[in-house]
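Reader: I am new to this structure and would like a close look at a single part. Please start with the surroundings of the ligand, and then go on to the contacts between side chains.

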Amino acid sequence: MLLCSEKTPAWAGPRGLLQKRSRADSLNAGLSQHTACLRPCPFGRDGHAVSIPLRLSPHTFFDMADQESVTELTTDKASIKARGLEGVIALESELSSIDGDKGQLIYRGYDIHDLADHASFEEVVYLLRHGELPAQSELDDFSSHLRSERALPAPILNLLRETPADAHPMAVLRTAVSALALYDEEADTMEEAANHRKADRILAQIPTIIAAFDRLRKDKEPVAPLDHGSMAHNFLYMLNGEKPGAAAEDTFDVCLVLHADHGLNASTFTSRVIGSTLSDMYSAVSGSVGALKGRLHGGANQEVMRMLLDIDAKGADPTSYIRDRLDADERVMGFGHRVYNTMDPRAAILRTMVKELSEEAGDMKWYEYTTKIHETMTEETGIDPNVDFFSGPTYYQLGLDPDLFTTIFALSRTAGWTAHLLEQWADNRLIRPRAQYVGARDRTVTPIAER
Ligand code: COA
């Protein structure tokens with residue numbers, strides 16, 4: 001069991017490498033090669049601390065030569081400083097895994113390409129939650145329960161009616177998810193079965209919130225959810241007031257599959273941190289919606305579309321547009337990733353979707369713009385596109401407004417957030433890292449009249 005991944009840089013300290021190296025070496029001298037136990041860790045199944053085999057040699061888990069990453073080390077505790085927590089393994093999970101070098105994403109052992117081709121979103125939610133793909137009868141029961149939870153409590157609809165029409169849909173979703181707790185008698189019940197029911201409820205109601213708010217802000221009445229059909233079908237129906245075509249439903253369903261989980265990303269970590277305090281599922285999911293809203297995370301897909309629309313409106317050449325951005329030291333949204341060192345496998349699937357949707361529409365411009373931008377970024381920076389680069393134009397071609405894009409991401413990722421919460425609570429330990437204090441010390445208070 002490792003505390004840090006191999007990529008994790010390491011031990012060094014504010015007070016000098018040599019000092020750290022000798023402290024680490026002397027520690028190692030007294031510890032067996034494989035079982036150096038430095039601190040209790042959260043993985044003890046019965047609630048007891050277990051050992052982390054953490055070796056303090058430059059040849060093992062940590063690179064002693066990287067002074068920047070290290071803080072302090074004592075004989076009974078180790079502290080690792082990794083800016084942005086890069087490379088730190090904070091917990092164990094059986095839900096999903098990313099191989100950043102191969103560009104591979106798996107959910108519970110299944111490759112994302114396989115799932116996108118052969119499983120519906122509901123099957124994937126079941127898989128994440130229960131560890132196995134459902135048999136037909138299990139899927140029928142699960143889907144039927146999700147459908148039964150689609151309607152919103154009346155006060156939530158009233159809240160949406162009172163919400164300013166120009167509010168960002170992610171801010172509305174964050175608020176509405178939090179408010180849902182007020183109308184759920186089980187909100188604070190922490191039994192596993194109640195938490196599964198809440199996970200279903202939140203997942204089923206989020207599409208209704210998004211669609212209802214979108215219609216209300218356009219002076220249209222919300223459309224009541226269907227008591228049949230998939231989540232993809234029902235969402236597009238509630239949004240547009242008419243049943244979607246099979247192709248649109250399928251495309252949307254695959255988008256949901258692709259976004260359902262993604263390791264310990266920022267919003268999932270948020271859920272697990274909140275859950276680890278034994279706060280409730282609504283608190284955790286509303287916190288995750290807040291984390292996803294940021295443009296370095298889920299908010300990037302809206303920014304990508306804004307950029308494509310800007311290129312289109314100005315009649316700009318996409319290549320020069322991107323070069324100008326890079327020359328101005330600006331980030332190009334939809335590119336780069338903390339974990340992938342190659343193309344995000346979800347982006348590869350979505351790129352094909354952008355192409356197919358453009359062909360169907362008989363207008364290749366969005367595909368051409370994205371292709372040129374991709375080529376330019378490869379030439380100029382070598383940075384690969386991530387999922388948001390192609391999901392933006394996919395959703396746009398499905399007729400969604402750009403400021404709804406991140407809510408779709410949230411809809412899907414709720415599957416992951418809630419599955420992670422259930423996993424966290426099955427073997428909980430408070431997630432509580434430390435900050436390295438770099439502020440002043442030894443000051444005394446000057447009376448206010450003398451300041
Ligand atoms: N455009 C231009 N340069 C980028 C870039 C982008 N999208 N993403 C990363 N870089 C550059 C940074 O400027 C930095 O260069 P520097 O070392 O010369 O300063 C380097 O690549 C490393 O970036 P850093 O921010 O340290 O990586 P990170 O792991 O902390 O960030 C992201 C990961 C996703 C936040 C980052 O790639 C980004 O901001 N992307 C755009 C937002 C986005 O698409 N988010 C969705 C992620 S799924």
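Author: The shell of residues around the ligand is made up of 7 nonpolar, 5 polar and 4 charged residues. Here Ala, Val, Leu, Ile, Met, Phe, Trp, Tyr, Cys and Pro count as nonpolar, Asp, Glu, Lys and Arg as charged, and the others, Gly among them, as polar. This is a predicted model, in which local features need pLDDT of at least 70 and side-chain atom pairs count only at pLDDT 80 or more, while totals for chains, interfaces and linings use all residues. Residues are numbered from 1 along each chain as its sequence is written, and side-chain values use heavy atoms, with hydrogens and water left out.

Of the 16 residues around the ligand, those that come nearest are R331, V332, G334, F335 and R338; a residue is near if one of its heavy atoms lies within 4 Å of the molecule. R331 places a polar side-chain atom 2.8 Å from an oxygen atom of the ligand. From V332, a backbone N or O atom lies 2.7 Å from a nitrogen atom of the ligand. G334 also has a backbone N or O atom by the ligand, 2.8 Å from one of its oxygen atoms. Taken alone the ligand exposes 850 Å², and the protein buries 61% of that (areas by the Shrake-Rupley method with a 1.4 Å probe).

In one of them, the side chains of R197 and E186 meet at 2.4 Å, N to O. R197 lies in helix α7 (residues 192-217) and E186 in the loop between α6 (169-180) and α7, so the pair ties together parts that are 11 residues apart in sequence. Helices are DSSP runs (H or I, at least four residues), numbered from the N terminus. E186 is buried at a relative accessible area of 16%, whereas R197 is partly exposed at 32%; buried means under 20%, exposed over 50%, and partly exposed in between (1.4 Å probe, protein chains only). E186 and R197 also belong to a network of salt bridges that links them with E149, D184 and R201.

Another salt bridge joins R323 to E380, with the closest N and O atoms 2.8 Å apart. R323 is in helix α13 (residues 318-327) and E380 in helix α15 (residues 365-380), so this pair ties together parts 57 residues apart in sequence. R323 is partly exposed, at 33%, and E380 counts as partly exposed, at 42%. K102 and D99 form a further salt bridge, their closest N and O atoms being 3.9 Å apart. K102 counts as exposed at 64% relative accessibility, and D99 as partly exposed at 25%.

The structure has 8 aromatic pairs, meaning rings of Phe, Tyr and Trp (its six-membered ring) with centres within 6.5 Å; planes under 30 degrees apart count as stacked, over 60 as edge-to-face and the rest as tilted. The rings of Y126 and F142 have centres 5.6 Å apart and planes at 75 degrees, so they are edge-to-face. This pair links distant parts of the chain, with Y126 in helix α3 (residues 121-130) and F142 in helix α4 (residues 136-148). Y126 is buried at 12%, as F142 is at 8%. Finally, F235, F252, Y395 and F405 form one aromatic cluster.

Definitions and conventions:
A polar contact is a pair of N or O atoms within 3.5 Å; within protein, one must be able to donate a hydrogen and the other to accept it, and residues adjacent in sequence count only if both atoms are side-chain atoms. A salt bridge is a side-chain nitrogen of Lys or Arg within 4 Å of a carboxyl oxygen of Asp or Glu. Helices (H or I, at least four residues) and strands (E, at least two) are DSSP runs, numbered from the N terminus.
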